[in-house]
Amino acid sequence: MKALYLNISQSISVPTENIIGIFDMDNSTVSPDTRSFLRISQSEKRLLSDVRDIPKSFVVTSDKVYLSQLSSHTLVGRGERNN
């Protein structure tokens, strides 16, 4: 049975069908395009976070971008285990 939601933080779960990508913060923010994307998402109030520390990953969905304290590897693993 396919998981309907992926828990990406303490209080945020997102529908798996809306997930476009899961990205590692350290590797992907090296690119100026990614940093620009995150800045624009924040200015458009589409960037959401309940992270209390430095985020390790971000999840792009069809309408929002979520910061997560969980690594991209952990999030992908959760998604794969639930399929």
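Helices and strands are taken here as DSSP runs, numbered from the N terminus, and on this basis lysine 45, which adopts a positive phi of about 60°, lies just after helix H2. The model is a predicted one.

At the start of H2, the backbone nitrogen of aspartate 33 is approached to within 3.1 Å by a side-chain oxygen of serine 31.

Within H2, the residues Thr34, Leu38 and Ser41 are buried. When the helix is viewed down its axis, the buried residues fall within an arc of 60°, so that they line one face of H2. Pro32, Asp33, Arg39 and Ser43, by contrast, are exposed on the other side of the helix. The cover over the buried residues of H2 includes helix H1 (25–28) together with the strands S4 (47–48), S5 (57–61) and S6 (65–68).

Four strands make up an open sheet of mixed pairing, in which the order is S3-S5-S6-S4. S4 and S6 run parallel and are joined by two bridges, and leucine 48 has tyrosine 66, in S6, as its bridge partner. H2 packs on this sheet, where it touches S4, S5 and S6, and the direction of the helix makes about 65° with that of S5.

Terms used
Residues are numbered from 1 along each chain as its sequence is written. This is a predicted model: local features need pLDDT of at least 70, side-chain atom pairs count only at pLDDT 80 or more; totals for chains, interfaces and linings use all residues. Side-chain values use heavy atoms; hydrogens and water are left out. Buried means under 20% relative accessible area, exposed over 50%, partly exposed in between (1.4 Å probe, protein chains only). The arc is that of the directions from the helix axis to the C-beta atoms. Contact means heavy atoms within 4.5 Å. A polar contact is a pair of N or O atoms within 3.5 Å; within protein, one must be able to donate a hydrogen and the other to accept it, and residues adjacent in sequence count only if both atoms are side-chain atoms. Two strands pair if DSSP finds at least two bridges between them. Axes are lines fitted to C-alpha atoms, for helices over the stretch in contact, and angles run from 0 to 180 degrees between N-to-C directions.
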